[in-house]
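Please examine the sequence and the structure that follow. The paragraphs after them move from the whole chain to a few selected residues.

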Amino acid sequence: MLSRVADAVYWLNRYIERAENIARFVDVNLNMLLDLPTSVSSQWEPLVLTTGDLAFFQEHYGTATAENVIRFLVFDPTYPNSIISCLRSARENATSIREVISSEMWQQVNAFYTMVREAAKAPDQVEIASFLEKVKQASHLFAGVMDSTMTHNEAWYFGQMGRLLERADKTSRILDVKYYLLLPSVEDVGTPIDELGWMALLKSASAYEMYRKRGSHRITPAGVAEFLILDAEFPRAIRFCLLQVEKSLYKITGTPLGSWQQPVERQLGRLRSQLDYLTIDEIIGQGMHEFLDHLQQQMNEVDTQIFETFFTLEPAKVR
């Protein structure tokens, strides 16, 4: 497969998944604030912290108010990871590989981008909760259309790797922020305010119902973290995502599972096997933030090695 095509399919899926996750972050924060007492201060800066671009935000917006953060994360065309920018980049990638993707995929990407672009023309007139729901649904529709209309060949597996690696990264980031930043004060630990925050976190990953149906009737920090990090069956859990990324990688390389030939196979295999044998007590014992920060670094290294293994026939792109 041409490296140009593999790169475009990979990033087409990463950008759409990224847009959906940003919509999740903002939507759940809006819903959580409706349930919190009026005495609790606004919790918008942590959402910017999840992006790793706080300095960019402060330079262009200053104070992290609801209006500023929503405009930054959703509608700012100069911020490369806003929803509008992600959809623009996704559409550009789709345009470059029209000969590879199905016409239904192209139509869905184009409709998705058009919907977001029209909303960005008058962001003050947008009913934000309804818009964010449309973003999530459009992302789901794209994933379904891709799975149903594109041959499950190398290109499809590159798309799967991009989507699920992005999802694992964003799940780790929102969990990290909740553990250390979203709680208003230490005194609120174990209170209804704290439980609302953990419920919001589960809902941000569409995990609340599955967490409860698994038999976990009590919402605890350790229980939520275990579910979102170590569950092998829930599709937004980090372990599940990395298991599927590994399967897709081996489908592309043809290397037998349990062995490795490329450095990316070794890096991903070590990361996946680490999660296979970890317990939540071990994670909490070493520090949740430290664990998640290291996990994000490892996933970034996997992304770098995917690029070096498959995409480097063309000049590196700025992401």
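Helices are DSSP runs of H or I with at least four residues, numbered from the N terminus. Under this definition, Ile-16 lies in helix H1. The model under discussion is a predicted one.

The chain has 15 helices and zero strands. Of its 319 residues, 54% count as buried. Among contacts in the chain with a separation of 6 or more, 66% are between residues 24 or more positions apart.

The interior comes next. In soluble globular proteins, nonpolar side chains tend to be buried together. In this model, the largest nonpolar core has 101 residues, and those with the most contacts inside it include Leu-73, Val-74, Ile-83 and Phe-131. Helix H1, residues 3-35, gives the most to this core, with 14 residues.

Leaving aside neighbours within four places in sequence, Ile-16 is in contact with Ala-90, Val-109, Phe-112, Ser-139 and Phe-142. Ile-16 and His-140 are 124 residues apart in sequence, yet their C-alpha atoms are 9.4 Å apart in space.

One of the contacts of Ile-16, Ala-90, is among the buried residues of helix H5. Helix H5 has 14 residues and reaches 20 Å from its first C-alpha to its last, close to the 20 Å expected at 1.5 Å a residue. Other buried residues of H5 include Ile-83, Ile-84, Ser-85, Leu-87 and Ala-94. Two of these, Ile-83 and Ile-84, touch Val-74, as do Val-26, Ser-82, Phe-131 and Leu-132, not counting residues up to four places away in sequence.

Finally, consider the loop between helix H4 (66-75) and helix H5 (83-96), where Asp-76 has its place. Which side chain of opposite charge is nearest to Asp-76? The nearest is that of Arg-88, 8.1 Å away. Asp-76 has no salt bridge, although this residue is buried. With neighbours within four places in sequence left aside, Asp-76 is in contact with Tyr-61, Arg-71, Ser-82, Ile-84 and Ser-85.

Technical notes: Residues numbered from 1 in each chain as written. Predicted model: local features only at pLDDT ≥ 70, side-chain atom pairs only at ≥ 80, totals over all residues. Heavy atoms only, no water. Helix = DSSP H or I, 4+ residues; strand = E, 2+ residues; numbered from the N terminus. Buried < 20%, exposed > 50% of the residue type's maximum accessible area, 1.4 Å probe, protein only. Lys, Arg positive; Asp, Glu negative; His and termini not counted. Salt bridge = Lys/Arg side-chain N within 4 Å of Asp/Glu carboxyl O. Contact = heavy atoms within 4.5 Å. Core = buried A, V, L, I, M, F, W, Y, C linked by side-chain atoms within 4.5 Å. Expected span 1.5 Å × (residues − 1).
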